[in-house]
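Have the structure open in your viewer and keep the selection tool handy. We will go step by step, with something to pick at each stop.

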Amino acid sequence: MNIVNQMDLSFPAKSSNESFARSAVASFILQLDPTINELADIKTAVSEAVTNCIVHGYGYGDGTVYINVKITDKGKVIIKIRDKGCGIPDIERAMEPLFTTAGDEERAGLGFAVMQSFTDKIKVSSTVGKGTTVTLEKNIIRHRNSSGGADLGHGE
Amino acid sequence: MEITYENDVMTAYLKGEIDHHSAAPIRSEIDGKSESLRPKILRLDFSGVKFMDSSGIGLIMGRYRQISLLGGSLEVVNIPKSLDRIISLSGVCSLGVVK
């Protein structure tokens with residue numbers, strides 16, 4: 001597996017940057033000619049991860065969110081979203097659907113469930129007091145190899 | 001966001017992208033209006049929503065709670081196809097509010 005392209009992004013942990021973050025990642029991935037659904041899946045998963053950094057990692061305090069996106073020669077996208085915030089004491093529990101520590105915030109507790117459902121693979125590593133890294137992987141189906149017939153007009 | 005009120009029905013037409021950042025002002029506007037209007041039905045119209053993450057689910061669940069406390073009921077209408085997956089994943093349909 002070779003990395004054919006990558007990009008790094010960092011920005012202050014402000015909620016107004018959530019929209020910028022998911023749009024920037026989506027723009028970078030456009031070179032793989034993804035479907036609208038694939039793009040929406042990635043935007044949704046990135047939005048969840050970045051929101052977690054802001055709400056939980058930094059607890060609305062100052063900090064920086066780091067994103068690294070790699071594209072492999074097989075059309076796989078690997079997205080690392082990292083904060084240097086408080087860390088997660090119990091990752092398994094944090095990933096349970098409907099579990100949330102932001103009680104009064106109207107968070108649905110579905111962030112990790114959405115990330116899991118909208119990508120092919122998710123890995124969470126976290127150290128209390130040091131921060132959390134979420135790695136999301138998604139295979140973008142290449143139209144020229146597609147035999148499913150779902151993609152129209154992209155044959156080569 | 002446009003809000004209309006007619007025959008005890010208050011309708012909020014949600015627009016654009018719903019995320020953690022944009023949900024907060026939407027929430028306070030709807031809650032403020034429904035507290036003063038006390039509608040029998042609060043209808044959230046999603047036809048203008050282009051993107052939504054789980055913050056949109058939080059928005060629905062929170063409005064369900066709030067309007068129930070005020071003695072009204074919630075209806076969620078015109079969910080675009082692109083949001084079907086996140087809606088079904090959330091289990092929000094079990095509230096019986098999605099029309």
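Two residues count as in contact if their C-beta atoms, placed from the backbone, lie within 7 Å. The model is a predicted one: local features need pLDDT of at least 70 and side-chain atom pairs count only at pLDDT 80 or more, while totals for chains, interfaces and linings use all residues. Residues are numbered from 1 along each chain as its sequence is written, with chains lettered from A and ligands numbered from 1 in the order in which they are written.

Start by selecting chain B. Among its contacts between residues at least 6 apart in sequence, 73% join residues at least 24 apart. Its C-alpha atoms fill a box of roughly 30 × 25 × 20 Å along the principal axes.

Now colour chain B by secondary structure. You will find three helices and four strands, arranged along the sequence as β-β-α-β-α-β-α. Here helices (H or I, at least four residues) and strands (E, at least two) are DSSP runs, numbered from the N terminus.

16 residues of chain B are in contact with 19 residues of chain A. On the chain B side, select α1 (20-37), α2 (54-69) and α3 (84-90): each supplies at least two of the touching residues. The largest share, five residues, comes from α2(B). Colour that side by class to find five nonpolar, seven polar and four charged residues. Nonpolar means Ala, Val, Leu, Ile, Met, Phe, Trp, Tyr, Cys and Pro; charged means Asp, Glu, Lys and Arg; the others, Gly among them, are polar.
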